[in-house]
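Keep the 3D view open as you read.

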Amino acid sequence: MRRVTILLALVAVAGCGQAERPYTPRQAPVEATGEATAAPSPSRPPATVGVGDDLEVRVEWPDKVNQLVRLFPQFYADSWAAVVSGGDRYLRHVEPTLIADSAEWVAGFTGKGQSVSGVARLYDLRVTAVVGKGAQVDVCVDETRMTIVSARTGKAITPQPDSGKAPYMQTMLAHRGDDGVWRIRQFSNSKEGCSP
């Protein structure tokens with residue numbers, strides 16, 4: 001039943017007529033195609049992305065990596081970079097309909113004078129469905145070693161978000177625009193489906 005729901009959602013994502021003009025970032029995406037490229041071997045350490053001075057995002061890539069697979073990790077790292085040091089690079093990864101929600105998420109931290117430190121881990125990253133111009137990507141997110149801190153003092157705030165208590169499954173629905181670039185259209189998450 002869940003597979004049918006996912007496929008119906010993807011058909012809806014793929015079948016939406018002409019999309020609004022996409023957000024134009026200050027810097028174009030590194031790769032605008034979905035062609036598979038070489039990926040780190042599973043035996044190698046995870047790729048580490050530094051976000052400011054105090055946060056690392058560790059990504060455990062699957063065997064094949066393309067623009068669709070990179071989409072969520074890039075958005076995730078760029079979103080936390082916006083919390084830590086400002087900027088709007090994260091908005092290049094989303095469709096226009098998701099810009100306001102994404103900016104509101106960042107403002108939920110910066111508006112309270114909060115930042116972040118520690119290590120976040122993205123693993124078990126997989127494309128679970130592709131239907132036309134729509135796709136679903138699932139990824140496990142482990143924020144148990146990440147701490148929300150005061151931007152002023154660097155001390156941990158209390159209480160910490162529930163997301164830091166256990167890994168969770170992040171599901172992303174993406175749409176490929178007429179320019180060939182995949183952008184995020186919708187998010188959902190679940191407490192089930194990811195082991196530490």
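In this predicted model, the buried residues of helix α3 are Leu 98, Ser 102, Val 106 and Phe 109. They cover an arc of only 75° around the axis, so they sit on the same side of α3.

How far apart are the end C-alpha atoms of α3? The helix has 15 residues, 96-110, and at 1.5 Å a residue it should span 21 Å; the end C-alpha atoms are 22 Å apart, which agrees.

Let's look at Ser 102, which lies in helix α3. Its relative accessibility is 6%, and because buried means under 20%, Ser 102 counts as buried. Not counting residues up to four places away in sequence, Ser 102 touches Phe 75, Tyr 90, Leu 91 and Val 94.

What do the buried residues of α3 pack against? Their partners are α2 (67-85), β3 (114-131), β4 (134-150) and β6 (182-190).

Next comes the core. The largest nonpolar core has 37 residues, of which Val 57, Tyr 76, Trp 80, Leu 122 and Met 172 touch the most other members. Two or more residues each come from β2 (55-59), α2, α3, β3, β4, β5 (168-176) and β6. With ten residues, α2 gives the most to this core.

Finally, find Val 57. Leaving aside neighbours within four places in sequence, Val 57 has contacts that include Tyr 76, Ala 77, Ala 120 and Leu 122.

Methods. Residues numbered from 1 in each chain as written. Predicted model: local features only at pLDDT ≥ 70, side-chain atom pairs only at ≥ 80, totals over all residues. Heavy atoms only, no water. Helix = DSSP H or I, 4+ residues; strand = E, 2+ residues; numbered from the N terminus. Expected span 1.5 Å × (residues − 1). Buried < 20%, exposed > 50% of the residue type's maximum accessible area, 1.4 Å probe, protein only. Arc of directions from axis to C-beta. Contact = heavy atoms within 4.5 Å. Core = buried A, V, L, I, M, F, W, Y, C linked by side-chain atoms within 4.5 Å.
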